[in-house]
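Have the viewer open and ready for selections. The stops below can be taken in order.

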Amino acid sequence: MIDLHLDGLTRRYGSTVALDDLTLDIGGGTITALLGPSGCGKTTALKLIAGLLDPTQGRVRFDSEDVTDVAAERRGAVMVFQDHRLFPYLTAGDNVAFGLRMRGVPRRERRREAQAVLERVGLDGLAERRPAELSGGQRQRVALARALVLRPKVLLLDEPLANLDAHLREGMRELILDIQRERELTTVVVTHDQEEAVVLAEDIALLFDGRLHQHGAPRTFFEHPATERTARFFGATNLVAGRRQGELVETALGPLRVPDGAPSGADVWVTVRPERLTVAGARGDDRQQVRGRVISSAFLGNRTRATVEVAGARLTIDVSDDALADVGPGTVLTLGLPEEALWSVPRDAPDETWGPEELAAVDGDPDPGVHRDHEPEGRP
Amino acid sequence: MTAIDATTTDAPVEVAELEGRRDRWPRTVVVSAMIALLLLPFLPLILASLADGYFYPQVLPETWSTRGWSIVLDPAGPTWAALRDTVVIAVAVMATSLVVAVPAGRILGTRRFRGKRVVELLLLTPVLVPAIAVAIGIHVAFLRLGLAGGMTGVVLAHLIPATPYVALLSAGVFANAELELESQARSLGASWWQAQWHVTLRLVAPGLAVAALFGFLISWGQYVLTLVIGGGRVVTLPILLFATASGGDASVTAATALFHSLPAVVLLVVTARILGGGQLATLGGAR
């Protein structure tokens with residue numbers, strides 16, 4: 001188990017800053033995701049950890065050992081690329097044994113070890129195949145096996161699930177997590193997909209424009225985002241404009257109490273996840289309640305989603321029980337907004353630097369809920 | 001090839017099998033036509049080499065004879081010495097041009113830099129400038145340096161057209177090679193040299209073999225530069241061929257011509273067979 005420390009890691013290309021002053025401590029044996037839209041510097045960070053790029057500034061340490069000037073091949077951090085990069089002229093078995101061969105491990109021993117790792121990733125019997133004779137999912141596993149056979153100090157995975165079909169993703173995810181746990185491998189995963197980050201990682205480091213934006217457990221990104229940008233990247237649907245007044249936030253819905261520790265500021269968005277809203281009456285103890293009219297509702301199999309207009313703002317609510325079973329457009333509902341479900345983030349000035357994924361996350365939202373354009377005018 | 005992994009259902013991509021079949025016969029016609037175009041000129045040459053007098057309008061020679069071939073293949077004759085010198089010079093040119101052109105080709109094929117277009121254009125100048133102009137120009141310099149009239153001088157002269165060719169072909173090879181595999185190899189513990197040897201060379205070797213072959217053949221067929229720089233003292237097969245041709249003996253000339261061209265044709269065919277046609281395609285654009 002190697003603790004991984006990044007100290008002020010910076011990489012510039014000419015005048016562009018790909019990665020700006022990244023400081024991050026990654027606990028030994030944990031799996032951390034570097035998350036962000038394309039061009040946010042996450043792959044640059046991974047290559048800097050791998051030693052495939054030299055930082056302009058900053059240090060990389062494995063435990064207390066400074067490896068910044070250690071060449072990639074002696075660093076013990078093995079990178080698995082998104083496009084798996086198998087050597088096309090070698091069989092799967094020889095691909096896996098490649099690193100051992102570079103170390104001078106005798107042929108028989110490296111064959112045996114390669115065989116064992118191939119079995120571990122579920123590819124026994126395929127050692128003699130060439131990459132061209134393997135499916136996409138199998139290639140990805142060979143690439144993983146090729147890294148694992150070296151018993152790396154740090155495993156670096158570049159978008160490990162991105163090239164896989166939906167039905168293969170689950171299996172690959174389980175495999176990565178199982179192996180990571182059984183070997184207590186310090187693992188860094190790069191991804192642009194917040195879902196992938198959430199299902200794979202214990203910890204997420206969110207990067208925008210080469211800068212670390214927020215670092216923490218996946219849950220905090222949903223429930224306690226630090227900024228509007230984070231909230232939107234994680235698909236926040238309910239954003240209600242408000243103004244901080246002491247302990248309360250004045251909104252079109254009335255004064256709302258948000259938990260201590262929520263980022264404050266004069267102008268904020270109050271956020272609440274759709275599944276954390278309640279239908280009042282279902283639980284009797286909601287102190288903060290609002291009344292609104294249902295605009296639409298839809299049964300989604302494992303839950304029911306409704307959009308409710310409250311005082312000119314729209315709230316989306318997801319309910320997994322039958323509390324919304326017989327509501328339809330026009331039904332008047334009382335919604336509970338439990339204090340612990342609310343959060344607030346400072347309102348950003350509209351930002352032109354948002355990447356395509358972020359814009360897609362906003363545009364692709366099936367129900368825009370309360371966005372800027374619904375912001376009530378002329379508040380007291 | 002027996003067990004199919006039960007957990008993955010996506011099929012291996014067999015591009016080769018998807019292509020082909022359908023449009024096979026038009027291709028066969030084109031290829032046959034090209035082979036015929038290449039080989040037909042050899043037919044009269046073969047006939048002439050085996051004739052004892054072969055004149056218009058005869059379709060076939062009246063009398064057959066192996067006289068031409070026995071003169072050409074005579075162990076005491078000049079052919080074998082010329083063959084040896086031609087091979088020595090061509091191998092030297094091929095090897096030297098590779099040493100210079102492969103690193104140059106790697107940079108040209110993989111990097112962008114200011115003035116790249118100009119460099120590429122300059123590399124084409126030996127193709128555009130007549131060899132005789134080059135030959136007379138460098139002859140003066142080589143005389144002063146004492147390089148005229150020797151094998152070394154001829155090799156250096158041949159490098160002028162050969163090196164840019166090999167460099168441009170190498171650039172195409174590197175541009176089309178999957179060099180990202182090098183950084184993967186580094187990450188898997190290969191040193192820079194190991195990555196070059198075990199990965200990069202494996203990727204580019206077939207293409208570079210073709211480039212090297214071109215370097216060899218450019219030297220093999222060189223006449224003007226050898227004549228001027230060698231000053232008659234370096235007798236390669238093309239020099240011998242021209243001398244024989246001006247001697248006026250048709251069957252000896254034809255046999256010499258065949259003797260000169262066959263090794264090149266054989267080399268080309270063998271290389272193409274070993275590499276498979278695909279490698280010739282990688283010699284395309286250097287981008």
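Select A:Arg85 in this predicted model. Is A:Arg85 buried or exposed? A:Arg85 counts as buried because 24 C-beta neighbours lie inside 10 Å, and the cut-off for buried is 20 or more. Then check the backbone: A:Arg85 is not a glycine, yet its phi is positive, about 45°. Most residues other than glycine have a negative phi.

Next, select A:Asp209, which sits in the loop between strand S9 (203-208) and strand S10 (211-216) of chain A. A:Asp209 also has a positive phi without being a glycine, here of about 50°. A:Asp209 is partly exposed, since 19 other C-beta atoms are within 10 Å.

Now colour chain A by domain: domain 1 covers 4-216 and domain 2 covers 228-374. How far apart do the C-alpha centres of the two domains of chain A lie? The C-alpha centres of domain 1 and domain 2 of chain A are 37 Å apart.

Finally, show chain B together with chain A. Here 29 residues of chain A are in contact with 21 residues of chain B. On the chain B side, helix H9 (180-187) and helix H10 (192-220) are the elements that give two or more residues. H9(B) supplies the largest share of that side, six residues. Sorted by class, the side of chain B that touches chain A holds nine polar, seven nonpolar and five charged residues.

Methods:
Residues numbered from 1 in each chain as written. Chains lettered and ligands numbered in written order. Predicted model: local features only at pLDDT ≥ 70, side-chain atom pairs only at ≥ 80, totals over all residues. Buried ≥ 20, exposed ≤ 12 C-beta atoms within 10 Å, placed from the backbone. Helix = DSSP H or I, 4+ residues; strand = E, 2+ residues; numbered from the N terminus. Domains from an automatic or database assignment. Contact = placed C-beta atoms within 7 Å. Nonpolar A, V, L, I, M, F, W, Y, C, P; charged D, E, K, R; others polar.
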